[in-house]
Amino acid sequence: MCSEAIEEKALTGQRLSREEGLSLLREADLVELGQLANAVRFRRHPNADVTFVIDSNPNYTNVCITDCIFCAFYRKPGAKDAYTLTIEQVMEKIERAVALGATTVLLQGGHNPGLALDYYVELVRETRRRFPQVTPHFFTASEVTTMAQVSGLSIPEVLGRLKAAGQCTLPGGGAEILSDRIRRRLSPKKGGPEAWLSVHREAHRQGFKSTATMMFGHIEDDEAIFDHLDHIRALQDETGGFTAFVPWSFKPGNTPLEKSIAQHASSTRYLRMLAVSRLYLDNIPHVQASWFSEGKKTGQVALHFGADDFGGTLFEENVHAATNFINKTTVEETATLIREAGFRPAQRTTLYETVRYW
């Protein structure tokens with residue numbers, strides 16, 4: 001059960017301690033935990049709207065030198081199936097997404113040392129020029145770090161170049177688990193938590209908004225989960241630049257970790273993690289239900305466990321697909337799933353501005 005003291009603190013907007021958060025994650029009754037998270041969600045967002053964005057998630061390269069043991073997508077330079085798209089080829093992907101109504105494109109790739117900074121800047125500039133209705137939600141923190149390393153510029157300089165080309169948001173991918181202990185095993189070439197945090201801190205300083213993510217269900221433990229949540233909460237206290245928190249569970253198919261991970265994190269573990277995130281991250285305005293990684297039914301249930309956003313339509317996605325885990329949807333189905341869960345579907349922008357109701 002959720003203790004009365006913790007429940008009172010959550011419902012009155014008081015900050016939970018790490019010990020209280022761990023208690024909820026480990027011991028709280030799942031249904032009561034969901035009810036508490038839902039009550040806090042409605043205290044922050046009183047209406048029954050659930051937002052979603054029409055988007056696509058293409059990739060410009062799968063070439064990467066970082067060798068993360070959780071990734072099935074990347075290829076080493078020179079591999080037979082390695083690729084890097086031209087700017088024109090990326091524009092063709094964006095054009096197809098726009099034809100389906102996309103207003104956000106989340107563009108990601110590997111850490112490709114063969115790409116100059118001008119390539120990335122031109123991707124942003126051309127997207128803004130050709131598709132002014134699209135927000136270029138491009139490049140994770142570790143990609144920005146790669147740009148800095150290859151160009152010899154600082155991270156502030158790289159972000160400044162991207163901003164001058166028209167970029168104003170940054171996706172939260174690449175965080176995985178913000179724990180020194182876990183990152184040393186999971187993605188040692190990416191550096192510790194500060195490698196990710198410093199890019200988002202600087203992006204926020206320059207006026208970017210970004211999302212924060214967490215990929216769990218691999219080699220982390222509960223203490224590492226709260227290392228991650230504490231880092232996110234502290235940076236949001238400092239900058240206020242995060243629009244949303246997006247947790248999802250690791251998919252081991254075709255990854256180096258596959259043989260050591262017995263099974264996916266369960267749906268109940270996901271719902272518990274989502275609810276705790278809503279309660280603990282008291283300064284993050286939106287929490288996203290990941291129908292894409294968890295399945296549509298679990299995504300619907302997540303809307304009763306503290307989530308107020310249903311993510312995006314993801315017309316194209318290749319990273320999860322590389323693990324043989326594939327979910328597809330349409331705009332109409334997305335709206336129907338939200339409605340069936342008892343909410344009013346509201347299409348939004350990248351910055352959570354409502355565009356229209358469905």
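Which residues does F52 touch, not counting residues up to four places away in sequence? In this predicted model, F52 touches D309, F310, G311, V331, T334, I338, P345, A346, Q347, R348 and W358. The residue is found in strand β1, which covers residues 49-53. Because its relative accessibility is 0%, under the 20% cut-off, F52 counts as buried.

## The chain as a whole

The protein chain contains 14 helices and 11 strands. Its radius of gyration is 19 Å, close to the 21 Å that the globule rule gives for 358 residues, so the chain is as compact as a globular protein of that length. Taken along the principal axes, the C-alpha atoms fill a box of roughly 55 × 45 × 40 Å.

Of the 358 residues, 60% count as buried. The chain exposes about 14100 Å², and carbon and sulfur atoms supply 52% of that area. Among contacts between residues at least 6 apart in sequence, 75% join residues at least 24 apart. As for charge, there are 40 positive and 43 negative side chains, and the centres of the two sets lie 3 Å apart.

Helix α10 comprises residues 222-239. The buried residues of α10 are D222, A224, I225, F226, H228, L229, I232, R233, L235 and Q236.

What covers the buried residues of α10 includes the helices α2 (18-27), α8 (180-186), α9 (193-205) and α11 (267-280), together with the strands β6 (209-216) and β7 (242-249). Just after α10, G240 takes a positive phi of about 65°.

Most residues other than glycine have a negative phi, and most peptide bonds are trans. D67 has a phi near 55°, a positive value in a residue other than glycine. D67 lies in the loop between β2 (55-56) and α4 (87-99).

F139, likewise not a glycine, has a positive phi of about 70°. F139 is placed in the loop between β4 (135-136) and α6 (141-151). Its relative accessibility is 0%, and F139 therefore counts as buried.

## Sequence separation and distance in space

| Pair | Separation in sequence | C-alpha to C-alpha distance |
|---|---|---|
| F52 and V124 | 72 residues | 23 Å |
| F250 and F310 | 60 residues | 18 Å |
| A48 and A307 | 259 residues | 11 Å |
| V134 and E95 | 39 residues | 10 Å |

F250, a member of one of these pairs, lies in the loop between β7 and α11. Because its relative accessibility is 2%, F250 counts as buried. F310, its partner in the table, is one of the residues that F52 touches.

Is A48 buried or partly exposed? With a relative accessible area of 34%, A48 is partly exposed, because this value falls between the 20% and 50% limits. A48 lies in the loop between α3 and β1. Not counting residues up to four places away in sequence, A48 touches R41, F42, F343 and R344.

V134 is found in the loop between α5 (117-130) and β4. At 1% relative accessibility, V134 counts as buried. With residues up to four places away in sequence left out, V134 touches V98, A102, T103, T104, V105, T127 and R128.

Technical notes. Residues are numbered from 1 along each chain as its sequence is written. This is a predicted model: local features need pLDDT of at least 70, side-chain atom pairs count only at pLDDT 80 or more; totals for chains, interfaces and linings use all residues. Side-chain values use heavy atoms; hydrogens and water are left out. Helices (H or I, at least four residues) and strands (E, at least two) are DSSP runs, numbered from the N terminus. The expected span of a helix is 1.5 Å times one less than its number of residues. Buried means under 20% relative accessible area, exposed over 50%, partly exposed in between (1.4 Å probe, protein chains only). Contact means heavy atoms within 4.5 Å. The radius of gyration is taken over C-alpha atoms; the globule rule is 2.2 Å times the number of residues to the power 0.38. Accessible areas come from the Shrake-Rupley method with a 1.4 Å probe; for residues, only the protein chains shown count as cover. Lys and Arg count as positive and Asp and Glu as negative; His and the chain ends are not counted. The place of a charge is taken as NZ of Lys, CZ of Arg, CG of Asp or CD of Glu.
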